[in-house]
Each structure stands twice: as structure tokens, then as C-alpha cells.
Amino acid sequence: MSGCDCTPTVSDLKPYEEAVELLLSHAKPPTATEELELHDALGRVLAAPVRSSINVPGWDNSAMDGYAVRVADIPAEGASLRISQRIPAGVAPQPLEPGTAARIFTGAPVPEGADAVVMQELTCQQDDEVIINTVPQAGAHIRRTGEDIRQDEEIIQPGARLLPQHLGLAASVGVGKLSVFQRPRVVVLASGDELQMPGEPLKPGMIYNSNIFTVAGMLRALGCEVIDLGQVEDTLEATKQALLDAAGQADLVIASGGVSVGEEDHVKPAVEALGELNMWKVAIRPGKPVAFGHIGDTPFIGTPGNPVSLFVTFLLFARPFIRRMAGLSEVMPVTIEATAGFDWNKPDKRREFHRARLEKQADGSDLISVYPSRSSAVLSSTTWANGLVVLPENQTIEAGQKVQFMPFSELLS
């Protein structure tokens, strides 16, 4: 009997958690920053804490439209008080005269001497007097100075990806510019002589290059600056030159395809020739051939060429690596527990991250269905799904069991 079996066993593959830990150990947090106006800072990662120079509210103010009063002036329901002043928002009031009420509006400063606001629905105005139909409690409907934010309080921490509400919060304390980390610069390239760019009739034996658009889109969703070096000729020398060019202008190089063991797969030997390969092959499905290494000092991630494998491995490995590089404080995806609406009778020896759809049922419960095909070439399954279900190694699943689900709404941000 002759020949050899070069197929790696599961024991030869790096477990998922170890693979992620290895990548993150090499992800260097950013140091370069820039200062941006609030209008330009959406989606960027905050580099320096935002502190408030003021109290919010800056003064005691009314939470209701109504009347500012002294509780002592209302011994019982039906008390009648003269209206001594009118206080709209933006007006500085006079001290409240004893035995009177001030007409006040939401957000307006509470006058000195008043210790409660009575909402207008519990009053009745008659000419220049108001009848108070309730006995208020001291402090009722008054927002106190600094109740929301205290002066010098840190209101936004470094490492936050700036959302619209962050910008509004910064503006509310008078901050007009924010210090943010510079975007990670990522070079993307694809290998494969069979690839053709979309927009032209497909030539015999060719396939359209979807991977470059998938990767670039996911990178932009993560806030990266993307440099597309296009398609690389399927030769070792061309691959080495492309990787060298990429490493010279990027914080990270990502290549799709060419990381397996075929005669036309040149990315792995090219990286080994130019630098070092720290990882190759992970015990997951889809996407076993995931490469990580360095070209000189520039980190490199190589994904499989099959479109679903590329999509999944990017989300599982490139995403946390890039989030760490971007300066984000939280890098790992959030998983949620939901109920399986499927049976899984043929588990893999590797952990599987299968395309799945979580849907709300009529009774309000969440139920997960899975895509019927395991093929890593069916890119349409990634638009059918709204997340990935985690299927543990060597474990069957029965409908009704609880499973872990990674929503795309979390993974693609």
C-alpha cells in the first residue's frame, strides 16, 4: 500500500478560543489621534475622555408646565394664590414672593424661594389667581442642579464608538470637538486567475469576484480606511510582490483565497517567505484554513476563498482584531440565547458557525431556523440569514433546546 494521508486531524487544528486569543495578543491598540468637529466624529472611536465643565441641569428647573409654589403656602386643597410672575424657559426669574405662585414652563428655572411645582392639570386659573387642587410634596417636579451630570464628571469614556447620542451628550455640555483615534488602514487583495470583476459578460471558466466587495464592505462597516489592491496573479512571485506592496502602506493586510494547500495557493508560502506565519488552520466550520502572521511588522490575515467561509472567518477573527486595533474597549461579539427550531443530527468534529435566522413567534418567543445547506459556496445564504448559530463540536441538537446565536446586527458593526 502506497501514498500518504495529509489530511489534518482535529487535534492538529487550533481551537476557536485559542485562535482568537492569539490574534488579539498581536493586535496593537492605536496611538495616532486627530481632533474632529462633532459633525465629523460619528462612528469614530473616542481617544480621550469627555468631561463636563458644567452641571446639567445648570440650575433647578421645572419638569412640568404648571406653577412654582412654596409648600407652606398651600395648607389644604383649594388654596388660592396670586400669580406674581410668568417664567418661560430661557428667562431668569425673580425670587418668589411669599403667598404667591409663579406660572412656569418645562425647563424654566425655578425661582428662589419655591420648593415645588404643581402641574397645571391640578390647578385652575382665574384671572390673576390660581387655585391649587392638591397639596404638593416638597421637591415635586423639580429637576435639581447637576441631577443629570455633575461638573468635571467623565461622561464618555475612551474606547467608545461614537453614536449620535454621544455627539448630543458632548454638545449638551458645550464640547465642540473630540479627540478620536485615526482609522485603521487596511489593504485588501484577492488571489485567483479565475476571478473577473462584475459589470462585464462572464467569460468561460471565470467567476465574478464577490469577495473583494464583501471584505471591503465589512471593513468600512467597522470604520476602516480601505485600500483595494485588486486581484493578484496566481504565481508565488506576484503574490510576494503584492503582499510587500500592501504591507508598506497599511496597518493590516487581508487576503482572500490562496491560503489552502493547492498548487495554485501561494499566499501561505509567500507570507512565510516574507515574514512569519503564526497560525494556520482552525477547528471551525466553515473556514478551517484561516491564516494569521506578519509581513515584516505588518499583521496579515488570510481568509479562505469560498465566499461563505470568507464571510464567517472575517466576522469571527478579523472583526475582533480590527476592533482592538481601532481602540474599541469591547472587541468580542455578543451572543444571545434562543430556542432551536431545528434538529441537528450530524454534528461536526469542529465547532460550526452556521447561517441561521432568528424570528419572533406569535407567542413572543424567539425561534431559530437554519439554512438547509452547509455549502460554503452559497453566498445567498448570508442574505437569507440574520446571524450565525453556534453548534458545539460533536453535539446533536434537538428542536426546543437552547442555543447561542450571534446576530449580524452585532457582528457587522
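This is a predicted model: local features need pLDDT of at least 70, side-chain atom pairs count only at pLDDT 80 or more; totals for chains, interfaces and linings use all residues.
Residues are numbered from 1 along each chain as its sequence is written, and side-chain values use heavy atoms, without hydrogens or water.

Select residues 16–26 for α1 and 307–326 for α6; the two pack at about 30 degrees with their axes 9 Å apart. Axes are lines fitted to C-alpha atoms, for helices over the stretch in contact, and angles run from 0 to 180 degrees between N-to-C directions. The helices are therefore roughly parallel (an angle under 35 degrees).

Next, show the side chains in contact (heavy atoms within 4.5 Å). From α1 take Tyr16, Ala19, Val20, Leu23, Leu24 and His26, and from α6 take Leu316, Phe317, Pro320, Phe321 and Arg324.

Now move to the open sheet of six strands, ordered β7-β4-β6-β5-β9-β8 with mixed pairing. Strands are DSSP runs of E with at least two residues, helices are runs of H or I with at least four, and both are numbered from the N terminus; two strands pair if DSSP finds at least two bridges between them. Select 116–119 (β7) and 123–126 (β8): each is an edge strand with a single partner, so one side of each has no neighbour in the sheet. Neighbouring strands here are turned by 40 degrees against each other on average, direction ignored.

Finish at β8 and β9 (residues 129–132), which run antiparallel and are joined by four bridges. Select Cys124 to find Ile131 of β9 opposite.

Key. Angles under 35 degrees count as roughly parallel, over 145 as roughly antiparallel, 65 to 115 as roughly perpendicular and the rest as oblique.
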